[in-house]
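This report goes through one structure part by part. Keep the sequence and the model side by side while reading.

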Amino acid sequence: MKRQIPVLLVFVFGVFMIFQYFSPHEYSEWIYKFLMDWIYIIGIFAMALGIWSLIHVSYDKIKNKRHDWGYSVVTLAALFIMMFFGITGFDENGEWGFYFMTQEGLTNPMFRNFFNHILVPIETTMFSLLAFFISSAAYRAFRARNVLATMLLVSALVVMLRFNPYFGEAVGLYMNKIAAWLLNVPNMAAKRAILIGIGLGMVGTALKVVLGIERGYMGKG
Amino acid sequence: MRYILIIFSLILITFSAVIGQVDPVVTDSLAPVPAPPAPVTEVAVSDKANDHGHALIIEWKRSLDDGAGSNAVMLYEIFRSEFPDSAFKMVGSVPLGNERFEDIGTIEKESRDYIPDNTNLYYRVDAVTIDPVVRTSSEVYGPVQSYSNWFHKGRVPVLTAVLIFGALMVYFVSVARKGTELYVRPLAGIAAVDDAIGRATEMGRPILYILGLGTADMISTIASFTILSRVAKQVAEYQTELIVPCYDPIVMTVAQEVVKSSYLDAGHPDNYKEDSVFYITTNQFAYVAAVNGIMLRDLPATNVYMGKFYAESLILAETGAVAGSIQIAGTDEVGQLPFFIVACDYTLIGEELYAASAYLGREPIMLGSLKAQDYAKAAVIVLMILGLLAINVHLNAFIEIFKVVD
Amino acid sequence: MNQNTNIFNKMMSMDRRWVFLLLIIVCVAAYFAPFSIPILIEPEVERVYNFVDTLAPGSIVFLAIDYDPASLAELHPMTYVLLEQCFRRNIRVICTALHPNGPSMAENAFLEVVDSCKVDKTYHGKQFMGREVVNGIDYCFLGYKPYPALVILGMGTNFRLPFPADYYGRPIDSIPMMKGIQNYDQVACVVNISGTSGTEYWISYGQGRFGFPLALGVTGVMGAEYYPYLNSGQIFGYMAGMLGAAQYEKLAENDGKAVVAMKVQLFAHFLIIFFIIIGNIGFFMDKFSKKREGR
């Protein structure tokens, strides 16, 4: 019973979702919107569970003095400090107060400072790491091991050099044309082949879920 | 009395001049008044097809003075009323040269733009000159009603494809159920999952399973749940540690249930630790930083990346490679596939991710659905070739069969 | 012979930390070196510029800022130059941020561009007097709402459905520039500057459903992903990565951070190509020497 009810629910709502795609009727749209609202509701409750999970795992690490537990202290401190500044602030009259339902907290100078001077540089740094990893990956991957790998290598060089201003306009335009062809023809053909497979795989998986053949998402693999 | 009138007029003119209204009035009065333009003809109003109602399409033939004749028409204004001869309200305007207007209203009754369904409505179109007062109204068209459509006729090709694909699936699943042996080509990435779990057990190190950045409603995440359940079952049997850091709280809740059920199915419910599946953050790079930290601290023997990945894919996979883990990845995000292929030991490309659960279980029903996918793919290839031929011999009717209208 | 093989092996499998170190040296040196590089303009970037530049004063551009600090380096220059172009030409802007960290990005951009618009400037020989750009009159920032697909669909009916109030809590109906503005029908175009998959929602749920002119500004990593939409006509213009931003800055005669950063990108590319060549020389020489040893 514990497994049958979820399967039944998935079937009913899955079939409705297929139906609503083909039915633009007002009633079908209304039910669709109503169901979509539930995503917000479930999301909010799940967020509470998520935050609880984070606190629990971090607290457990600190309590048991596990390896590098200091990071968990930073995590919890960041969570509570940002939450505190995010819901407090000054109103138009300069009065300090708690703001749970309005946006004053987001204009709190401390909230902004933490955001602009801590989060922004950290996130930008994390993203910029990608440049380093791409360089090292390109160095290791682009080897002319066989004909196909050589074609890949040459294509990569053309795409990378297509906007090189030192080649002059004539060579630049020619390179640009080759690069555009590489991107729009062979690259696109390969991508579309994969995408068609993905599309069919998606429909197949969705049908398997709706029909109750696939139950891995319930732990019944 | 005459003097009083003169003085009063002077005061009035002075006052008007002060507030700056005299000049335009004088100029306007001197400007030639345009003659009323010819009216628009053949006004026709119809319900907008394939929609939720509350919308109509108004079409007409241009005024003879639009771009020709006296060239007086500047724009067309469209009016609607629930009565044939009064209470017309302007609902929109289009510049000269146009012969069509979509009057799209809202569903909300309290809204100003509400158009009632199944109610008689009347329309007229005014040809308006540079002087908005000078205009000519068309004949009133009506009554006409808007209504909701139960079926979207423009999506028949999609419905047909879904039905054919569904039928293929049901057929192959029933064939598989009867015990017919179905061949599917082996996938190295899938075979590696078993070995990787064995390796982790031998080394006494954990397995890190990343569900990606997708939400629970994405097919790639659903496929990842299925693979997670298989991995968790084996992990439970071998009594190895499993770490599942999550990006989305709903995904975390589902993943907890998946792992818990797998431990139960494997007969080791006591070994399940709720903290093994935990939430980190819904911030892409903060999540990456946390997962990289786990990789470098706990040195997992195997990292499994299955689901939706974006720019973080290479950062995760390269860090995993530095930590010396065996890495298996699978994603349907085409842009990230090259990164995983470079940095991981095995990569499931696109649909292979969805097929993984069928491979892992080797259950006939699952293999049957894979067979259906293969046949559908063959059909797509055949249709693409036919389409290519049709377009080259200008057989447009063939192309039109597959046209989907939104 | 063995010594040679060792060198070739080293060339082939250099420690990745050397790659990282040389890359950072090249990036820093290129950033500070006092030279500039020419920027070639692509037609897809020019189309965005021309579209905005030929709009009548008072028109509305809808700017969807869907990125976080991570992609700030590439995407902030696009936002800055586009906003300044709009405000200098008296084009009004409605803005949303459908990424949780997007509102701060948008706010930063508005604050800085509003400041720079106070000064007189000349672009393409035309002088633009400095003026006070006012929130609520020249622009309206609607803020953030989760689930972008639903928000984009809702705005198609009425901006007030997902956003009854703007980011600062003022009811939309009380904002002067939003008077008579219902939905996408009243905006000239939508420009989505994004570092996330939110772009797909703008294409399929926004442009696909409501048919407004859409232009994209995306990160370099996402660059190749969205070219097909340009060919299919679903987007009318496209700016990809730092290069796209630099091209727009050049078009607008408003050189900013992107033009400077292009130096860094170009020389980083040279270095990567250098490493690829070194790796391949090592690979071939190693193969060659092994072959000779075998003989």
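## A residue inside chain C

Leaving out residues up to four places away in sequence, C:Val191 touches C:Val61, C:Leu63, C:Leu82, C:Ala215 and C:Gly217. The model is a predicted one. C:Val191 belongs to strand 6 of chain C. Is C:Val191 buried or exposed? C:Val191 counts as buried because 28 C-beta neighbours lie inside 10 Å, and the cut-off for a buried residue is 20 or more.

C:Val191 and C:Phe62 are 129 residues apart in sequence, yet their C-alpha atoms are 6.2 Å apart in space.

## The sheet of chain C

How many bridges join strand 6 of chain C to strand 7 of chain C? There are 5 bridges between strand 6 (residues 189-194) and strand 7 (residues 214-218), and the two strands run parallel. C:Asn192 stands opposite C:Leu216, a residue of strand 7 of chain C.

## Chain C as a whole

Chain C contains 10 helices and 8 strands. Its C-alpha trace spans about 85 × 40 × 35 Å along its principal axes. Chain C has 295 residues, and 45% of them count as buried. Among the contacts in chain C with a separation of 6 or more, 73% are between residues 24 or more positions apart.

## The sheet of chain B

Chain B has an open sheet of 6 strands too, with parallel pairing and the order 11-10-9-12-13-14. Strand 11 (277-279) and strand 14 (346-349) of chain B each have a single partner strand, so one side of each is left without a neighbour in the sheet. Neighbouring strands of this sheet are turned against each other by 15 degrees on average, with direction ignored. Helix 5 of chain B packs on the sheet, where it touches strand 9 (207-212), strand 10, strand 12 (302-308) and strand 13 (326-331) of chain B. The direction of helix 5 makes about 165 degrees with that of strand 9 of chain B.

Strand 10 (residues 242-246) and strand 11 of chain B pair in the parallel sense over 3 bridges. The bridge partner of B:Cys246 in strand 11 of chain B is B:Tyr279.

## Nonpolar cores

The largest nonpolar core has 190 residues. Which residues have the most contacts inside it? They are B:Ile207, B:Val231, B:Cys246, B:Ala255 and C:Val61. Helix 5 (residues 219-238) of chain B gives the most to this core, with 10 residues.

A second, separate core has 16 residues, among them B:Val40, B:Trp60, B:Leu121 and B:Val125.

## Where the chains meet

The contact between chain A and chain B takes 54 residues from chain A and 66 residues from chain B. On the chain A side, helix 2 (26-63), helix 4 (109-141) and helix 7 (186-210) are the elements that give two or more residues. Helix 7 of chain A supplies the largest share, 16 residues. This side of chain A has 30 nonpolar, 14 polar and 10 charged residues.

Chain B also meets chain C, with 9 residues of chain B in contact with 11 residues of chain C. The chain B side divides into 3 nonpolar, 5 polar and 1 charged residues.

## Chain A: a loop residue and confidence

A:Ser23 is found in the loop between helix 1 (4-22) and helix 2 of chain A. A:Ser23 is buried, because 21 other C-beta atoms lie within 10 Å. Apart from residues up to four places away in sequence, A:Ser23 touches A:Ser28, B:Trp150, B:Phe151 and B:His152.

The mean pLDDT of chain A is 86, and 96% of its residues reach 70 or more. Confidence in chain A is highest in helix 3 (residues 70-86), at 92, and lowest in strand 2 (residues 96-98), at a mean of 79.

Terms used: Residues are numbered from 1 along each chain as its sequence is written. Chains are lettered from A and ligands numbered from 1 in the order in which they are written. This is a predicted model: local features need pLDDT of at least 70, side-chain atom pairs count only at pLDDT 80 or more; totals for chains, interfaces and linings use all residues. Two residues are in contact if their C-beta atoms, placed from the backbone, lie within 7 Å. Ala, Val, Leu, Ile, Met, Phe, Trp, Tyr, Cys and Pro count as nonpolar, Asp, Glu, Lys and Arg as charged, and the others, Gly among them, as polar. Two strands pair if DSSP finds at least two bridges between them. Helices (H or I, at least four residues) and strands (E, at least two) are DSSP runs, numbered from the N terminus. pLDDT is the predictor's confidence in each residue, from 0 to 100. A nonpolar core is a set of buried Ala, Val, Leu, Ile, Met, Phe, Trp, Tyr and Cys residues joined through C-beta atoms within 7 Å. A residue is buried if 20 or more other C-beta atoms lie within 10 Å of its own, exposed if 12 or fewer, and partly exposed in between; C-beta atoms are placed from the backbone. Axes are lines fitted to C-alpha atoms, for helices over the stretch in contact, and angles run from 0 to 180 degrees between N-to-C directions.
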